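Here is a short note for someone opening this structure for the first time. Please keep the sequence and the 3D view side by side while reading.

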Amino acid sequence: MNLAAEWTGQQTLWLTAGFAALSGTLYAIARWAAAPALVQLAAAVETGLNLLATALLVPEYLSTRMLRRAVGRPPAFLYTYGDAVCGLTCAAHRGAGVLLTALHTGALRIDHRAALVIGIGSAAAVLGIWL
């Protein structure tokens, strides 16, 4: 079905205006908002990883606390779980830091032409999906 053949002049005008507005918005986001947004994303990722690690450490904390009261000293293997969680959390922090630093560096290097290509290409992809 060929939608373009059935469109009226007003529909074509609205599509063109929508494309221009979406392209301009995505241009501005790519050019000026991407780098500051990645800084905020880095803080959110760090907080999320810390909350996840804390939630994963609660069972170890409760079991060692209970065993300290009951036996006096918990078995050493209980601490292995906590060490594994902390090690994985540190690795995730490093990996996220490297990835977000690379993305931030790339976002800082976006010039006028690259932002224009990103804006027009993204708008064409979005409008292409909707049609």
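The points below go through selected residues of this predicted model.

1. **Cysteines.** A search of the whole structure finds zero. Cys86 shows why: its closest cysteine sulfur, in Cys90, lies 6.7 Å away, too far for a bond. A disulfide would need the two sulfur atoms within 2.5 Å. Cys90 is likewise in no disulfide, with the sulfur of Cys86 as its nearest cysteine sulfur.

2. **Cover around the cysteines.** Cys86 has a relative accessible area of 39%, so it counts as partly exposed. Cys90 is at 42% relative accessibility, so this residue is also partly exposed.

3. **A buried charge.** Look next at Glu60, in helix H2. This residue is buried, yet it has no salt bridge. Which side chain of opposite charge is nearest to Glu60? It is Arg68, at 7.6 Å. A salt bridge requires the charged atoms to be within 4 Å.

4. **What surrounds Glu60.** Set aside residues up to four places away in sequence. Glu60 then touches Leu78, Tyr79, Tyr81 and Gly82. Tyr81 comes back in the next point, as a member of a surface patch.

5. **A nonpolar surface patch.** Leu52, Leu56 and Tyr81 form a nonpolar patch on the surface. Together they have about 270 Å² of accessible area. Leu56 sits in helix H2, which covers residues 9–70. Its relative accessibility is 37%, so Leu56 counts as partly exposed.

6. **Thr89.** Move to helix H3, residues 77–108, where Thr89 is placed. Why does Thr89 count as buried? Its relative accessibility is 14%, and the cut-off for buried is under 20%. Which residues does Thr89 contact, leaving aside neighbours within four places in sequence? They are Leu49 and Ala53.

7. **Leu62.** Return to helix H2 for Leu62. This residue is partly exposed, with a relative accessible area of 47%. Exposed would mean over 50%. Now find Gly128, 66 residues from Leu62 along the chain. The C-alpha atoms of the two are separated by 54 Å.

8. **To check on screen.** One is the 6.7 Å between the sulfurs of Cys86 and Cys90. Another is Glu60, buried without a salt bridge.

Definitions and conventions
Residues numbered from 1 in each chain as written. Predicted model: local features only at pLDDT ≥ 70, side-chain atom pairs only at ≥ 80, totals over all residues. Heavy atoms only, no water. Patch = residues over 30% accessible without salt bridge, like charges linked within 9 Å, V, L, I, M, F, W, Y side chains within 5 Å. Areas by Shrake-Rupley, 256 points an atom, 1.4 Å probe, with all protein chains shown as cover. Helix = DSSP H or I, 4+ residues; strand = E, 2+ residues; numbered from the N terminus. Buried < 20%, exposed > 50% of the residue type's maximum accessible area, 1.4 Å probe, protein only. Lys, Arg positive; Asp, Glu negative; His and termini not counted. Contact = heavy atoms within 4.5 Å.
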